Amino acid sequence: KKILTLLACFLFLGLPAKTQTANSLLWKISKSNSPYHGYLFGTVHIQDSRVFNLPDSLLTKMKECDAAFFEMDFDSVSSKALNITQNEPRKKPVKELLTKSELTRIKKTLIKNKATYNDWEVDDAFSLYNKYNQKLYTRNDESTFLDGYLYGLARSFGKKTGGLESYEEQAGIESQFTDSMLKEMVLSIADNPFYQTQPHGVEH
């Protein structure tokens with residue numbers, strides 16, 4: 001039986017493959033006493049067209065497999081996401097996490113890196129942090145993110161699909177963050193040297 005699994009990595013169990021080549025993005029996983037083997041492929045949850053330049057070997061192995069399993073179970077995401085969104089507790093906005101001086105530091109960084117937008121102070125910590133990183137380092141060229149695209153391909157190939165984690169498990173990660181952890185994450189925008197040495201924005 002051949003199974004393909006996609007997490008932030010991509011795992012396939014399938015037919016015998018050619019010897020792994022150096023610097024390959026697609027890695028074979030095998031066990032000497034088993035007739036099955038797998039493949040590991042890393043993905044990124046962004047809509048930047050540069051990560052959609054997939055090696056031909058990836059789609060070839062996907063077609064050979066019986067099933068595709070992803071980091072998250074996409075098959076029931078929409079209905080569960082709607083229910084969770086409607087019932088999730090209120091997320092504290094950034095302006096309630098930070099002092100006035102800290103908000104000023106963040107604002108200066110957003111302006112400096114051309115990443116400011118209206119009402120950023122009422123965003124929650126995760127939203128502001130993710131929007132900032134996406135603005136600086138990624139492009140939104142595609143209508144979906146890479147995992148969603150590969151999920152659609154697997155379905156179009158007639159593969160059984162599933163996930164290693166439920167939507168609830170992934171969505172629940174944010175609830176484990178304390179206010180101090182969220183504050184540290186947001187302040188890293190202004191304090192982390194990484195952000196001070198990177199080019200502003202991405203080339204289009």
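Two strands count as paired if DSSP finds at least two bridges between them.

**View 1. Strand E5 alongside strand E6 in the predicted model.** Strand E5 (residues 67-72) and strand E6 (residues 160-165) run parallel and are joined by 5 bridges. Look for Phe70 here: its bridge partner in E6 is Gly163. Of the 6 residues of E5, 5 are buried, so the rest of the structure largely encloses this strand.

**View 2. An aromatic cluster that includes Phe70.** Phe70, the residue bridged to Gly163 of E6, turns up again in this view. Ring pairs link Phe70 with Phe74 and Tyr151 into a cluster.

**View 3. Helix H6 and the glycine that follows.** Helix H6 spans residues 146-156, and Tyr151 is among its buried residues. After the helix, you will find Gly158 with a positive phi, near 80 degrees.

**View 4. Phe126 and Phe177, an edge-to-face pair.** A search of the whole structure gives 5 aromatic pairs. In the one formed by Phe126 and Phe177, the ring centres are 5.0 Å apart and the planes lie at 80 degrees; an angle over 60 counts as edge-to-face, so this pair is given that name. Phe126 is buried, at 16% relative accessible area, whereas Phe177 is partly exposed, at 27%.

Methods. Residues are numbered from 1 along each chain as its sequence is written. This is a predicted model: local features need pLDDT of at least 70, side-chain atom pairs count only at pLDDT 80 or more; totals for chains, interfaces and linings use all residues. Side-chain values use heavy atoms; hydrogens and water are left out. Rings of Phe, Tyr and Trp (its six-membered ring) pair if their centres lie within 6.5 Å; planes under 30 degrees apart count as stacked, over 60 as edge-to-face and the rest as tilted. Buried means under 20% relative accessible area, exposed over 50%, partly exposed in between (1.4 Å probe, protein chains only). Helices (H or I, at least four residues) and strands (E, at least two) are DSSP runs, numbered from the N terminus.
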